[in-house]
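Q: I am new to this structure and would like a close look at a single part of it, the charged side-chain pairs and the sheet beside them. Could you walk me through that slowly?

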Amino acid sequence: MLSTAPTAVLSLVHGRTENGLIRGAAMLSHVRRWIVAPLATLLAASFVLYTAVWLQPGNPLTLLLGTKASPAQYRYLAHKLGLDRPMPVRYWDWLTNAVHGNFGTSLVYKQSVASLIAPRLLTTLLLVGYAGVIITVLGVTLGIIGGMSPRAAPYTAGLNGLGVAIPGFVAAEALTAVFAVKLGWFPVLGTGQGLAGRLQHLTLPAFALAIASIAYVSQITRAAVSVEEQSPHVETARGRGLAGPRILRRHVLRNAAIPIMTVSALTVAGLLAGAIVVEYAFGLGGIGSLLVQSVSDKDSNVVLAIGLILVLVFVMTTTVLDFLQHLLDPRLRLRTAASWH
Amino acid sequence: MNRHRTERLSRGWAACAAVAALATLAAACSSSSGSATPAATSANLVVGTYGAAKGNLSSLTWDLPYGEPNTIDPPNTAFYNSSLIAANLCDPLLRLNPNYSISPNVAVYRQPNPLTLVFNLRSGVKFWDGSPMTSADVVWSLQHSASPSTAVAFLYANVKSITATGPLQVTVKFKRPDSLFLFEMATFVGMVQEKRFAERAGSKLGSAAGKIMCSGPYELTSWTPGTGMTLTANPHYWSPPGLAHSHTVHIEFDTNSTSIAQALIAGQLNGAYEISPATIPRLRSADNGKLIFGAPSQLYLTLSVARPTGVLASPDVRKAMFMTINRAALAKAAYFGAAIPNYTQMNVGSWKNGSWPAAAQKIFSTAYAGFERQKKSWGTPAAFAAAKKLASAGGYHGQPIVLATLAGDATLAQVAGLIQGWAREAGLNVQIKPMQPLAYSNASYNAKYRAGLDLLIGVTFNNAPSPLEPIGLAYSPGNPYNYTNYHNPKVVADINASHATSNLVEQARLLTAAQAIYEPAYNSQTLVQFNEIMFLTNGLGGATTSFAYMNEPSLALIGSAK
């Protein structure tokens, strides 16, 4: 006993220390993965965006002074707005202000970037959120039907092919021509007032934005469901006489959820950047159209703010996905833990 | 044409945005003397005003096809969308009429000598907040316009002082006579804002956050960035006949020409100016409203030699290049047959308008007729053959002629393609170079951005309805708009004399004398004169349809036609 006691104590101490080290290392890994890496991505993105805007040809002061101002006027305004300073100095100024939550003023619109973006961001988020719901509900439903029913598969595949083939802009024009101009069910343009008004105004844009993605998510869902459908554990469940809906819910969808969730989330996040086409088609003032305009205007503060919002959404989406995947799939948790032994 | 909002980048006094308008020459001529009320069934209406406002409306929904204004601070609204809004919110000292004549507004003027202008302000004019308009507000507003951070400061180059010479009197003194200045006082250049409010707003003045304080027929009641604006009728407007006919105007910022057309047809919009030519066929057949072509207009398409050197340095090659262009066919093909060909550097609309007396117009039209006779046969097989010979004699042997155009502008791309095709017929090798909006805009005034270019094409407008504005810039030695460094002392003397005289007949004589000298150099040519294109839904009337809409309270004038 005496001889084994110290060993046991030691092993206990070592075990605790080892577990603590593992936990600490895992924590460090999570910090690096979920905090440091996203911040580094944002920093790198901001520098790349700033440089890209700076390298673009043209003098943005033309937007303020027109084309008939004197060279002295251009020099005066460039100095007044600090545009005559070297690019690294301007970038550093922007960065230090941004760290303190100040994203500056729009060169073109002469108002704070935050106040310029906020109403547009709301429009875009509502549009993307609405489209996201449509994509998830219709895409996943169609995919499940296609994956579970061999008879329905050709029809869902046909619909998917059609959806993928229709560009957003064409969908926008067709939807408007039928549902807004001919039938008069929805407005042609504008964002509307109040929640009901906004939803009514955003219905056609959301469908136009969602069509191609519905098809994509549906295809992924169908493939994932088909694979799970033919897997041994589902065959076993069927052999055990379990009810169809229970098999679908517990054995098919749960395992198919990871690719479906990943694709759906990344697709919806991608819509944020891709909404520009639909925003333009329906005359919606969202951040997509503002971004394109600001790039053209060399309005760097606005470009950076919107660019970083887009990067942030992607970073957050992938981070949350990563987290959810760990939560949903015990194999991933085990693999992560095993990698520290 | 899809009218991308980026087109506004090429704005300014020489705004290069692809805009077109439609008319037949005869129709334009008939409308230039003033307004007219058209027959409602005409396919191509060319008028200065449309119908009459006989009653009031509860609301009007209007679109700005060039999108959300970046500012509504008047001296910085030198563009279609922002100027329209400013003109409905603020009062200029003088009033611009649809035929481009001017009349008193919040001020009457007298000119005791060529170097002095005295404005006597109307009493009882109040800003939206109830404060009376005083000479201090006017002095501040004009000095603000003249400050180096505005787009119109160059128009004050001849101004020596602006002073309040009484509670309701402002005197402007000049270093040199300036015949264009008075006209500018009827535009956004001479709009009056409340000094106290403007000083408080500081750098935010004119933005959605800072707004403005004016005295016009409408008050800005909301501006949601990216969404829209609401204008509400000013119940205390100083001029009862000028009261807004519509209680509220909702302003939309849609820039997509297709959805604008659909919204007009669906009745979601009551109207819009600056309709895209691409949507004309669709809107022409709409049965719920009328497509109208407004005249007079200051919009035109120019093709300019971009630099003093290069392949077009040879006068023969330059002339040969212009000889290949069929201006009538261009107007028809690219602008649906509704723009009119123009045969001089001066655009027809600059002298065929209500600001010129008949005697002056006669001088211009006689001179114009000679150039028209000469160039009408250009762009035909005979002209191609002659151009080929002339180019060859000028030393041309197939070098590329680089033609710069605005990237993303379908109509300009089509125009450039037509020019390229015609030039090929004469053996001239035109290469099209689409430029990004900002660089394209910069190229219009900065030689650095024109390096390597031989020709620059774009749509331009004059603010003043006078050839003196563009010609004065293009032929002054050292001016950024004198792309070819053209210098002729007689031309300069005539232009300077035109600036100095307020006698418009004498101005016409001097400008046509200069024209006779500079035209054969082919530095720049206006190829097409546009009219303003607008759409108005049925049941509405009183709309200004000429290009003067930009500087008139044009939305306030629209009311119920019944």
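A: Let us start with a term: a salt bridge is a side-chain nitrogen of Lys or Arg within 4 Å of a carboxyl oxygen of Asp or Glu. Please keep in mind that this is a predicted model. Side chains of opposite charge can pair when their charged atoms come close. By the 4 Å rule, the count over all chains is ten salt bridges.

One of them joins K376(B) to E372(B), with 3.9 Å between the closest N and O atoms. How exposed or buried are the two partners? K376(B) counts as exposed because its relative accessibility is 54%, and exposed means over 50%. E372(B) counts as buried at 16%, since buried means under 20%.

Now look at K375(B), which forms a salt bridge with E519(B); here the closest N and O atoms are 2.8 Å apart. This pair links distant parts of the chain, 144 residues apart. K375(B) belongs to helix α11 (residues 358-375) of chain B, while E519(B) lies in the loop between α17 (504-518) and β20 of chain B. Both partners are buried: E519(B) has a relative accessible area of 3%, and K375(B) has a relative accessibility of 1%.

A further group involves D129(B), E194(B) and R196(B), which are joined into one network by salt bridges that share partners. E194(B) is buried at 3% relative accessibility, whereas R196(B) is partly exposed at 48%.

Next comes the sheet. Strand β20 of chain B is part of an open sheet of six strands, with mixed pairing and the order β16-β20-β15-β19-β17-β18. The edges are taken by β16 (340-341) and β18 (429-435) of chain B; each has a single partner strand, so one side of each is left without a neighbour in the sheet. Strands of a sheet pair through backbone hydrogen bonds, either parallel or antiparallel. For an antiparallel example, follow β15 (residues 299-305) and β19 (residues 455-461) of chain B, which are joined by seven bridges. There, T302(B) has G458(B) in β19(B) as its bridge partner.

Finally, helix α13 (residues 410-425) of chain B packs on this sheet. The helix touches β15, β17 (400-406), β18, β19 and β20 (524-529) of chain B, and its direction makes about 165 degrees with that of β18(B).

How values were computed: Residues are numbered from 1 along each chain as its sequence is written. Chains are lettered from A and ligands numbered from 1 in the order in which they are written. This is a predicted model: local features need pLDDT of at least 70, side-chain atom pairs count only at pLDDT 80 or more; totals for chains, interfaces and linings use all residues. Side-chain values use heavy atoms; hydrogens and water are left out. Two strands pair if DSSP finds at least two bridges between them. Helices (H or I, at least four residues) and strands (E, at least two) are DSSP runs, numbered from the N terminus. Contact means heavy atoms within 4.5 Å. Axes are lines fitted to C-alpha atoms, for helices over the stretch in contact, and angles run from 0 to 180 degrees between N-to-C directions. Buried means under 20% relative accessible area, exposed over 50%, partly exposed in between (1.4 Å probe, protein chains only).
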